[in-house]
Amino acid sequence: MHFMLVVDEVLDARATPGREELVAAAQAEGEAAFSRKIEYLKDFGKKLGLADVDVQILSQVLLSVLDEKWKDHLYDLDQLRNAIQYRAYGQRDPLVEYKKEAFDMFEDLMQDLQATFAERFLKVQVSAAPPRQPPRRMPPPLPTTVSTTDAMFTGGGHHPADPPPAALETSLGRMATGAARVPEVGRNDPCPCGSGKKYKKCHGAA
């Protein structure tokens, strides 16, 4: 239950007569639960029109676990370094003792990372809500003689922008969805109006 898994084979003595069969059944159920979670996140993203939601969630969980556990590991190493000098009173080399215990602590860190990541990924909750819309500003009125091409750069012919993508929220915090960014036109780039002039000598002259 630590990983929110229920292994039915454990209750069947004929299916799992020994320790090896119990371990194999638990591993198989864990892999199946991981695959189900991935498929659920993919379907969740498709319904919202967002790509790679499963990859984003995996990255968020993994980075949060690495950040937390690595900080704890560095703190433990600092405590070990401060106390290892007293091993000399027991006729033991502090440097050898530090290397040995630090290696054991690193192996424990690797096991803790794997267990914590699996637990948090299987338990992570995902929700989506549209981001808060800023108040819309109306464009200034234009003269009736403004051409369609000029209106592109002065604000005429305004069309409502596409709604921003939904904001993902997980039990670990908010996630960025990476909305598309409109590239800016450089002053020496061709003007988008199609005149053939540079932007700075055309609609960018102002």
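Mentor: Helices α1 and α3 have axes that cross at roughly 45°, and they are therefore oblique to each other (angles under 35 degrees count as roughly parallel, over 145 as roughly antiparallel, 65 to 115 as roughly perpendicular and the rest as oblique). Their axes come within 10 Å; axes here are lines fitted to C-alpha atoms over the stretch in contact, with angles from 0 to 180 degrees between N-to-C directions. Helices are DSSP runs of H or I, at least four residues, numbered from the N terminus.

Please keep in mind that this is a predicted model, where local features need pLDDT of at least 70 and side-chain atom pairs count only at pLDDT 80 or more, while totals for chains, interfaces and linings use all residues. Residues are numbered from 1 along each chain as its sequence is written, and side-chain values use heavy atoms, leaving out hydrogens and water.

Now to the second pair: the axes of α1 (residues 19–48) and α2 (residues 53–83) come within 7 Å and cross at roughly 125°, so α1 and α2 are oblique to each other as well. In this contact (heavy atoms within 4.5 Å), α1 brings Phe34, Ile38, Leu41, Lys42 and Gly45, and α2 answers with Val53, Asp54, Ile57 and Leu58.

Buried means under 20% relative accessible area, exposed over 50%, partly exposed in between, with a 1.4 Å probe and protein chains only. Among its 14 residues, Leu41, Ile57, Val61, Phe121 and Val126 touch the most other members. At least two residues of this core come from each of α1, α2 and α3 (94–123).

Conventions:
A nonpolar core is a set of buried Ala, Val, Leu, Ile, Met, Phe, Trp, Tyr and Cys residues joined through side-chain atoms within 4.5 Å.
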